[in-house]
Amino acid sequence: MAQSIDEDGTVDPWRRRARRPRRQMPLWQELPLLLVVAFCLAVLIRTFLLQAFFIPSGSMEDTLLVGDRVLVNKVVYDVRDPERGEVVVFRGTDRWAPQVGEEPRLSALDRLGRTIGDLVGVSRPGEKDFIKRVIGVPGDRVKCCDAQGRVTVNGTPLDETYVLQDSPLDIPPNPKECRSRRFDEVVVPPGQIFVMGDHRLVSQDARCQGPVPIDNVVGRAFLVVWPSSRWSSLSVPDTFEDVAAPPAAAPAGPAPVRPTPEGGVFLILPLAAALRRTRGFRTVTSSRAT
């Protein structure tokens, strides 16, 4: 058996062993392993970091159009509460009308696909997933309207250039329907937020369905990722910088306990490429159109 001999004539079996080519895993073994790793990566990203949502209706126009896909940061509100002007995805309370009709019966294979899709974040929507803009935070006093028909927060009018079409001023307020622009002053309760759609004429929101608990917020929508022609960030409008602090601090309540995300911090980079190839996104209801 040939052995490696150094310049001084000594035998070095380790050098000979290092020259042996590494045995590669057959493709039929490597492919399932790669699929398992990719699946686990997608589950970690969807659970702890980011999730993509599909916009099916027009209550956030023109900020978000029907068919847009948005990326939602699920970590940010583990370290702070939502702020005015941010676009958030949340689960509606019992007062918020369900958006998804009765599902047809599914085969076992369809149910399995639905379960896997939910794990990786590409399934159809839950019946109470919504996306709106935060107008008021705990302690804020929100009402409409001032002399120019604007929403005010703590007495500060909002110049909402992002609003596509506002509700009529001549329709009297109806607590069960959001067609009127006018609504009485609402003091946002502790631990809740007041949200509204950007297309006020069709948006069913906190004006008639009540504030939303912060614990129901899934995350902040921060980026339109599809179609590529609408790639843009969802920033906070400048008008919210002028809003005064609440006239009186909201009563302090117990701090909500939220799970701390662990792991997955270094999983963001691979997501960008995956999103460009992905056609399936979870759907979030922007509003119930009337």
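User: Before I look at the fold, what does a contact mean here?
Analyst: Contact means heavy atoms within 4.5 Å. Keep in mind that this is a predicted model. In the protein chain, take the contacts with a separation of 6 or more: 74% of them come from residues 24 or more positions apart.

User: And what are the elements of the protein chain?
Analyst: You'll find five helices and 13 strands in the protein chain.

User: How much of the protein chain is buried?
Analyst: Buried means under 20% relative accessible area. Of the 290 residues in the protein chain, 41% are buried. As for the accessible surface, its total is about 16700 Å², and carbon and sulfur atoms hold 56% of that.

User: Which residues have the most contacts inside the largest nonpolar core?
Analyst: Think of a nonpolar core as buried residues such as Val, Ile and Phe joined through side-chain atoms within 4.5 Å. Here the largest one has 28 residues, and Val 88, Phe 90, Ile 135, Val 142, Ile 193, Phe 194 and Val 195 have the most contacts inside it. Strands E3 (87-91), E4 (129-136), E5 (141-144), E6 (151-153) and E9 (192-196) each give two or more residues to this core. E9 supplies the largest share, four residues.

User: How many disulfides does a search of the whole structure find?
Analyst: The test is a pair of cysteine sulfur atoms within 2.5 Å. That search turns up two disulfides. Number the bonded cysteines in sequence order and the pairing reads 1-2, 3-4.

User: Why is the disulfide of Cys 144 and Cys 145 right-handed?
Analyst: Look at the torsion about the S-S bond: for Cys 144 and Cys 145 it is about 85°, so this disulfide is right-handed. Their sulfur atoms sit 2.0 Å apart. Cys 144 is buried at 6% relative accessible area, while Cys 145, at 24%, counts as partly exposed.

User: And what parts of the chain does the Cys 178 and Cys 208 pair link?
Analyst: Cys 178 and Cys 208 are joined with an S to S distance of 2.0 Å. The torsion about their S-S bond is about -100°, so this disulfide is left-handed. The pair links distant parts of the chain, 30 residues apart: Cys 178 lies in the loop between strands E7 (156-157) and E8 (183-187), and Cys 208 in helix H4 (residues 206-209). Both Cys 178 and Cys 208 are buried.

Notes
Residues are numbered from 1 along each chain as its sequence is written. This is a predicted model: local features need pLDDT of at least 70, side-chain atom pairs count only at pLDDT 80 or more; totals for chains, interfaces and linings use all residues. Side-chain values use heavy atoms; hydrogens and water are left out. Buried means under 20% relative accessible area, exposed over 50%, partly exposed in between (1.4 Å probe, protein chains only). Accessible areas come from the Shrake-Rupley method with a 1.4 Å probe; for residues, only the protein chains shown count as cover.
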